[in-house]
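The following exercises are to be worked with the sequence and the model at hand. Each task is followed by a solution in steps.

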Amino acid sequence: MPAYVICIREDAVRDPAELATYSRMNRESARDPNLRPLIVYGATEALEGKAPDGIVLLQFPTVEDAKTWYTSPDYQAAIPHRKKGADYRVMIVQGL
C-alpha cells in the first residue's frame, strides 16, 4: 500500500539561508529510489481555512519505506536546517 509524506510549511520562511542549506543537503544526498515527489511547493488555493505557505507531497511504496527515508542519517542531518528556516508539520499518511 502506498504511503505519503506530507510536509506543510505553516507560515512564511523566517531564515532563507537555513532553508537553502536544507535544500542543498537534500539535493546532494543519495536519492532514495523509493521516493517519488508528487508536489513540491505548487500553487495552492485554500477552499476552507487558511492556505499554508507551501506543501510538499512525497510518495513511497510503503509506510516502512517512508519511515526509512525520514530516519535516514542524511535526512536527519538536514532536518535542523528546515526547522531553523520555517515552521512545518510533517506526517506520514497510508494510502489506498
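E28 is exposed, with a relative accessible area of 59% (exposed means over 50% relative accessible area, buried under 20%, and partly exposed in between, with a 1.4 Å probe and protein chains only). The model is a predicted one, in which local features need pLDDT of at least 70 and side-chain atom pairs count only at pLDDT 80 or more, whereas totals for chains, interfaces and linings use all residues. Residues are numbered from 1 along each chain as its sequence is written, and side-chain values use heavy atoms, with hydrogens and water left out.

**Exercise 1.** Locate E28 and D74, and state their separation in sequence and in space.

*Solution.* 
Step 1. E28 belongs to helix 1, and D74 is found in helix 3 (helices are DSSP runs of H or I with at least four residues, strands are runs of E with at least two, and both are numbered from the N terminus).
Step 2. Along the sequence, 46 residues separate E28 from D74, while their C-alpha atoms are 9.4 Å apart.
Step 3. D74 counts as partly exposed, at 42% relative accessibility.
Step 4. Once neighbours within four places in sequence are set aside, D74 is in contact with S29 and A30 (contact means heavy atoms within 4.5 Å).
Step 5. For D74 and M91, which are 17 residues apart along the chain, the C-alpha separation is 18 Å.

**Exercise 2.** Describe how helix 1 and helix 3 pack, and list the residues through which they meet.

*Solution.* 
Step 1. Axes are lines fitted to C-alpha atoms, for helices over the stretch in contact, and angles run from 0 to 180 degrees between N-to-C directions.
Step 2. Helix 1 and helix 3 are therefore roughly antiparallel (over 145 degrees; under 35 is roughly parallel, 65 to 115 roughly perpendicular, and the rest oblique).
Step 3. From helix 1, the residues E18, L19, T21, Y22, M25 and N26 meet Y75, A77, A78, H81, R82, K84 and G85 of helix 3.
Step 4. The residues of this contact comprise six nonpolar, four polar and three charged (Ala, Val, Leu, Ile, Met, Phe, Trp, Tyr, Cys and Pro count as nonpolar, Asp, Glu, Lys and Arg as charged, and the others, Gly among them, as polar).

**Exercise 3.** Where in helix 3 does the kink lie, and which residues of helix 3 are buried?

*Solution.* 
Step 1. The kink lies at I79, shortly before the proline P80, and amounts to about 25°. The bend at a residue is the angle between axes fitted to the seven residues ending there and the seven starting there.
Step 2. Y75, A78, I79, H81, R82 and G85 are the buried residues of helix 3.
Step 3. The cover over these residues includes helix 1, helix 2 (63–70) and strand 4 (88–94).
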